[in-house]
Amino acid sequence: MDEIKRILSDDIEQLNRKEKRDNKIRFNPGFIRKHPYLFGGMLLCYLPVMLILGFADYLSSRYVVGFTLFVLGVSLGLSCHVSPRYHFDDTDQMDLRVCYNGEWFNKRSISQQAYAQIQSSAEVTAEVKQGAAQIQQAKGKVTFFDVYALVYLKSQGSTV
């Protein structure tokens with residue numbers, strides 16, 4: 001079913017463009033607004049450690065500079081955000097990518113345009129069209145995994 005793969009891949013690409021999913025790291029100052037107590041707690045814990053490092057005779061100023069750089073690095077890391085790209089090939093993959101992307105294919109619905117393309121395409125079988133229509137009627141939405149399961153998982157099961 002190359003037609004289904006094309007339709008879903010096009011829909012995923014539109015979703016990636018719309019949500020600016022490009023795997024790039026971006027600074028997001030929203031961390032401070034969303035988690036003010038965590039950020040304040042980090043700063044509060046920084047002060048006593050700095051006092052200990054500063055007044056200890058056996059520690060040099062390199063420790064103070066090193067710890068300050070560490071705290072700044074952690075703060076910067078928590079203030080960064082990555083919007084991972086979705087890929088058709090990640091559908092139904094249960095590996096480390098799920099930790100990064102989550103099971104997006106179970107949560108995200110296909111667009112109405114993709115649903116209409118599936119229903120109107122001559123290359124899509126009647127069984128897939130009917131299955132998608134039943135899912136739409138039952139759940140009110142059709143997810144990427146629903147279509148994937150209709151096409152690819154059933155075809156894998158019939159060959160075994």
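Here are some questions and answers on how terms are applied to this predicted model.

The model is predicted, so local features need pLDDT of at least 70, side-chain atom pairs count only at pLDDT 80 or more, and totals for chains, interfaces and linings use all residues. Residues are numbered from 1 along each chain as its sequence is written, and side-chain values use heavy atoms, with hydrogens and water left out.

Q: What makes up the secondary structure of the protein, and in what order do the elements run from the N terminus?
A: There are 9 helices and 2 strands, running α-β-α-α-α-β-α-α-α-α-α from the N terminus. Helices here are DSSP runs of H or I with at least four residues, strands are runs of E with at least two, and both are numbered from the N terminus.

Q: Why is phenylalanine 144 called buried?
A: Buried means under 20% relative accessible area, exposed means over 50%, and partly exposed is in between (1.4 Å probe, protein chains only). Phenylalanine 144 has a relative accessible area of 2%, so the residue is buried. Its place is in helix α9 (residues 144-159).

Q: What does phenylalanine 144 touch, not counting residues up to four places away in sequence?
A: Contact means heavy atoms within 4.5 Å. On that basis, phenylalanine 144 touches Leu8, Asp11, Ile12, Leu15, Trp104, Phe105, Arg108, Ser109 and Ile110.

Q: How do you know whether glutamate 3 counts as buried or exposed?
A: Glutamate 3 has 12% relative accessibility and therefore counts as buried. This residue of helix α1 (residues 2-18) is in contact with Ser121, Glu123 and Val124, leaving aside neighbours within four places in sequence.

Q: How do you know on which side of helix α7 the buried residues lie?
A: In α7 (residues 112-120), Ala114, Tyr115 and Ile118 are buried. They cover an arc of only 100 degrees around the axis, so they sit on the same side of α7; the arc is that of the directions from the helix axis to the C-beta atoms. On the face turned away from that buried side are the exposed residues Gln112, Gln113 and Ser120.

Q: How do α7 and α8 pack, and which residues make the contact?
A: Helix α8 (residues 126-139) packs with α7 at an angle of about 145 degrees, their axes 9 Å apart. Axes are lines fitted to C-alpha atoms, for helices over the stretch in contact, and angles run from 0 to 180 degrees between N-to-C directions. Tyr115, Ile118, Gln119 and Ser120 of α7 make the contact with Lys129, Ala132, Ala133 and Gln136 of α8.
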